[in-house]
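I opened the model today to look up helix packing and salt bridges. My notes follow in the order I checked things.

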Amino acid sequence: MQFKHVTLDIDGPVAILKLDHQEVMNAVSMDMLGGLAEALDAIEENKAEIRCVVLTGAGRAFCTGANLQGRNNQKPGKSNAGSSLEIGFHPFLRRMRNLHCPIVTAVNGPAAGAGMSFALMGDMILCARSSYFLQAFRRIGLVPDCGSTWLLPRIIGKARSVELSLMGERLPAEKALEWGLVNRVHDDAVLMEEAMKLAHELANGPTIALSLIRKLYWDSPDNSFEDQLNLEFEFQRKAGAAEDFKEGVTAFLEKRPAKFKGK
C-alpha cells in the first residue's frame with residue numbers, strides 16, 4: 001500500500017512501515033505525517049492479523065528529522081516552530097506508544113532530530129553498522145523535541161543525553177550499542193533480513209502478553225514501586241486469562257514448541 005511519502009507492506013503477520021521520501025532523505029513533512037496516520041489506520045484495522053510492525057526508511061537514510069524546506073523565509077519572532085508538533089508529530093508518537101503489538105525499528109542510515117525519536121519508539125532497535133544518531137536541533141537553533149528529552153535520559157542517563165543535545169555530534173551505531181541505546185547492530189547488507197527474522201519471531205509469540213509487556217515498560221518510569229506492582233498484578237491477570245497462557249503451559253509440560261495464536 002502506498003501513502004504520501006510512506007509505504008506499507010504486509011508479510012504474513014508482520015507489517016513493514018517505510019518512510020519513503022528519498023529525495024530529502026526521508027525528512028518528515030506534514031504530508032508524510034498524514035501518510036503515517038493513514039498507514040497506522042490500516043494497521044489497526046487489521047490488528048487481528050498484524051502482530052508486529054517494522055519501521056524503517058527507504059534508500060540510504062532512516063529519517064533526517066523535520067523537512068526544513070521553505071523554513072528559511074520566515075521572519076524572526078514570527079515563526080511558530082512548535083505548531084507542527086501537536087498537529088502532526090505528537091499524534092503519531094502517541095499512536096506508536098499505544099500500538100497493539102511490538103515494534104521493531106530497523107535504522108538503515110542517519111536517524112537525526114525527530115528521526116532519532118522515531119527510531120527510539122521501537123521495542124527492539126536494530127541498526128545498520130553505518131548508521132548513526134544525531135540530536136540535530138542545536139544546529140538550527142532549536143531545542144530537542146518529539147519526546148527525546150524524556151526518552152534519552154531514561155535510556156542512557158542525563159550526562160550523555162545533555163552532551164548529545166548541547167554538542168550536536170554524531171553517535172555511531174556501535175557507540176549507541178555500547179551505551180545501551182539500541183539492541184543490536186548488523187552489517188548493512190543483512191539489516192532488513194535480521195529485522196524481519198526478529199519481527200516474525202515476535203509475531204509468532206504470545207502477542208497479548210507481549211503487548212502488555214511493552215505497556216509495562218512504557219509506564220514504569222512514571223510509576224512508584226507500589227504502582228508498578230499493582231500494574232503487574234493487573235496485567236498478569238489479563239495475560240493469564242488468554243488462551244496463549246494455557247498453550248504455553250501445555251507446550252512446556254509436553255516438551256514441544258508452543259503454538260501461540262494471539263488469543
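This is a predicted model: local features need pLDDT of at least 70, side-chain atom pairs count only at pLDDT 80 or more; totals for chains, interfaces and linings use all residues.

**Entry 1: α4 and α5**

I took helix α4, residues 148-156, and helix α5, residues 158-167, and found that their axes cross at roughly 135 degrees and come within 7 Å. The two helices are therefore oblique to each other. I listed the residues that make the contact: α4 supplies Leu-152, Pro-153 and Ile-156, and α5 supplies Lys-158, Arg-160, Ser-161 and Leu-164. Sorted by type, the residues of this contact are 4 nonpolar, 1 polar and 2 charged.

**Entry 2: the two sides of α5**

Which residues of α5 are buried? I found Ser-161, Leu-164 and Ser-165. They span an arc of only 90 degrees around the axis, so they sit on the same side of α5. Ala-159 and Leu-166, on the other side of α5, are exposed. I then checked what covers the buried residues, and the cover includes α3 (114-120), α4, β9 (171-172) and α6 (173-179). After α5 comes Gly-168, which has a positive phi near 60 degrees.

**Entry 3: salt bridges**

Side chains of opposite charge can pair when their charged atoms come close. I counted with a cut-off of 4 Å between a side-chain nitrogen of Lys or Arg and a carboxyl oxygen of Asp or Glu, and the count came to 13 salt bridges.

Glu-178 is exposed at 56% relative accessible area, and Lys-175 is partly exposed at 33%.

Helix α9, residues 225-240, holds Glu-234 and Lys-238, 4 residues apart, again about one turn of the helix. Their side chains form a salt bridge at 3.6 Å, N to O. I noted Lys-238 as partly exposed at 46% relative accessibility and Glu-234 as partly exposed at 38%.

Last, I noted a network of salt bridges that links Asp-41, Glu-44 and Arg-95.

Definitions and conventions
Residues are numbered from 1 along each chain as its sequence is written. Side-chain values use heavy atoms; hydrogens and water are left out. Axes are lines fitted to C-alpha atoms, for helices over the stretch in contact, and angles run from 0 to 180 degrees between N-to-C directions. Angles under 35 degrees count as roughly parallel, over 145 as roughly antiparallel, 65 to 115 as roughly perpendicular and the rest as oblique. Contact means heavy atoms within 4.5 Å. Ala, Val, Leu, Ile, Met, Phe, Trp, Tyr, Cys and Pro count as nonpolar, Asp, Glu, Lys and Arg as charged, and the others, Gly among them, as polar. Buried means under 20% relative accessible area, exposed over 50%, partly exposed in between (1.4 Å probe, protein chains only). The arc is that of the directions from the helix axis to the C-beta atoms.
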